[in-house]
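These are my notebook entries on a structure I had not looked at before. I went through it step by step and wrote down what I looked up.

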Amino acid sequence: MKKDINSNRYIFMYSTILVIVVAALLSVAAIFLAPYQKNNKDNEKKINILSAAGIPNVNTDNAKQLFEKQCTAMYLLDDKGNVIDESGKAFDTDLKQELYNKEQGKPYGLPLFLINTDTNLAYVIPLQGTGLWGAIWGYIAIAADGNTVLGANFDHASETPGLGGEITSEGFQKQFVGKTIMKGNKFVSIKVQKGGIASLPEADRNHAVDAITGGSITSKGVDEMIENTLRCYLPYFERIKK
Amino acid sequence: MSNFKKLIIEPLRKTNPITVLVLGICSCLAVTAKLKPALVMGISVTVVTAFSNLIISCLRKGIPSRIRIIVQLVVVAALVILVDQFLKAFVYDVSKQLSVFVGLIITNCIVMGRLEAFAMSHKPWESFLDGLGNGLGYSLILVIVAFFRELLGAGTLFGYRVIPQSFYEAGYMNNGLMILPPMALIIVGIIIWIQRTRHPELQDNNK
């Protein structure tokens, strides 16, 4: 008997089976490949943390080794700036989730990485924010004085290439080196200034960088991301200064 | 054997998907600034066209014609996700450079075009070869375009410097225009021009 391959019954059965088979196949592949992908992601994270701290020439091959050598500690911090975990759990902590817990009034732990560069001890803080189209994130390294920025890098999920996407460019990230986040005793963060830092009074120029032309909303996102995240870490810096 | 040759070789020349059928131009502009991503993109598209052709050809007698495009899309999408996952696992840096373009292989006209035009009406092995040939034809053009763009735009090939430093000291400069997308289109145009001059039968005669 020849089946009618255009009957509704057949079409429903056919599509159901097809979708189940494909879904099963993709799940198996995803599970099988997950460890490799996690390894790559971890490597990338290590590269980002190290290069934010100002360590030159970090690449995929030496990232793991350099990270083990130069990362002296990984902390999780509570709301008063106390270290609540030193076991290295910080590396796999998702900042986004922790910031959400903070908002909800639940207990949380903020990750912090201590990188020993040859000249400095850098406190590398992960950043998490929103750009124009999606998430933006990055790392900023603060020196032991709790004030000077040693370096920063950013990445994004889906900002416009050539406009907002320029936050990943070296030119934009280099601007942060040497800026200070405190004005006297007041926290002012690093402003991402539309119109350029030249439009600011002399005294404020050390707390700001040039925004990206055509990337105003992304620039504002970076600005807010740095301010909001750094604010959470202030208690810790207060403590280490004492 | 002649059939085998025809299916593999013809798409490299007289039925090339980019220069003759002018399909898949979008990704050709986007990923050809450097050779390495272009090559990986070429391989990815080849894998997807070859295997989607093979799978669709095996299923072709059972596919209800009313949902055949959806079935094709599901197969192509599954293969593309697989390729994307493999790239993320084994060539992470290239997969970051290609970013959305791997996902966009789903919408690459070459894939759907070959499924509709060939795989739905031919045997599995022939379809596989046809997909392979068309994927290779696409890769060939991508690699040629990327070769010129990387060489003239950055002075490197696969990231290695090939134009010696002494040239730069003598006043030679990289052509920044080559890095920009329009140059990919212009190079494809030149390839088409050369190809049609050599094969007059490809020219349109509107007499």
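Predicted model: local features only at pLDDT ≥ 70, side-chain atom pairs only at ≥ 80, totals over all residues.

**Entry 1: Trp137(A)**

With that term in hand I looked up Trp137(A), and found that, leaving aside neighbours within four places in sequence, Trp137(A) is in contact with Leu127(A), Gln128(A) and Asp155(A). I placed Trp137(A) in strand 5 of chain A, which covers residues 135-143. Is Trp137(A) buried or exposed? I wrote down buried, because Trp137(A) has 20 C-beta neighbours inside 10 Å and a residue counts as buried at 20 or more.

**Entry 2: Lys194(A)**

I then turned to Lys194(A), which sits in the loop between strand 9 (191-193) and strand 10 (208-210) of chain A. Which residues does Lys194(A) touch, if those up to four places away in sequence are not counted? I found Ala211(A), Ser216(A) and Ser219(A). Lys194(A) and Ala211(A) are 17 residues apart along the chain, and I read a separation of 5.0 Å between their C-alpha atoms. Lys194(A) has 15 C-beta neighbours inside 10 Å and so counts as partly exposed.

**Entry 3: chain A as a whole**

I stepped back to chain A, where I listed five helices and 10 strands. Its C-alpha atoms fill a box of roughly 90 × 45 × 40 Å, taken along the principal axes. For the radius of gyration I noted 22 Å for chain A, whereas a compact globule of 242 residues would have one near 18 Å.

**Entry 4: helix 1 and helix 2 of chain A**

Next I looked at helix 1 (residues 8-52) and helix 2 (residues 63-70) of chain A, which pack at an angle of about 55° with their axes 9 Å apart. That angle makes helix 1 of chain A oblique to helix 2 of chain A. The residues making the contact are Asn43(A), Lys46(A), Ile47(A) and Leu50(A) from helix 1 of chain A, with Ala63(A), Lys64(A), Leu66(A), Phe67(A) and Gln70(A) from helix 2 of chain A. By class I recorded five nonpolar, two polar and two charged residues in this contact.

**Entry 5: chain B as a whole**

For chain B I listed 10 helices and two strands, and read their order from the N terminus as α-α-α-α-α-α-α-α-β-β-α-α. The radius of gyration of chain B is 19 Å, which agrees with the value near 17 Å that a compact globule of 207 residues would have. Its C-alpha atoms fill a box of roughly 65 × 50 × 30 Å along the principal axes. I found that 37% of the 207 residues of chain B count as buried.

**Entry 6: where the chains meet**

How many residues of chain A are in contact with chain B? I noted 18 residues of chain A, in contact with 17 residues of chain B. The side of chain A that touches chain B has 13 nonpolar, five polar and no charged residues.

I then looked up helix 1 of chain A against helix 4 (residues 68-90) of chain B, which pack at an angle of about 10° with their axes 8 Å apart. Helix 1 of chain A and helix 4 of chain B are therefore roughly parallel to each other, and they pass in a left-handed crossing. Residues making this contact include Leu18(A), Val22(A) and Leu33(A) of helix 1 of chain A, and Val71(B), Ile81(B) and Phe86(B) of helix 4 of chain B. By class I counted 17 nonpolar, three polar and one charged residues there.

**Entry 7: two backbone angles**

Last I looked at phi, knowing that most residues other than glycine have a negative one. Ser189(A), although not a glycine, has a positive phi of about 60°, and lies in the loop between strand 8 (186-187) and strand 9 of chain A. Val22(B), also not a glycine, has a positive phi of about 50°. I placed Val22(B) in the loop between helix 1 (2-9) and helix 2 (25-30) of chain B, and Val22(B) counts as exposed because 12 C-beta neighbours lie inside 10 Å.

Note on methods: Residues numbered from 1 in each chain as written. Chains lettered and ligands numbered in written order. Axes fitted to C-alpha atoms, helices over the stretch in contact; angles between N-to-C directions. Helix = DSSP H or I, 4+ residues; strand = E, 2+ residues; numbered from the N terminus. Parallel < 35°, antiparallel > 145°, perpendicular 65-115°, else oblique. Contact = placed C-beta atoms within 7 Å. Nonpolar A, V, L, I, M, F, W, Y, C, P; charged D, E, K, R; others polar. Left-handed = near helix turned anticlockwise from the far one by under 90°. Rg over C-alpha atoms; globule rule 2.2 N^0.38 Å.
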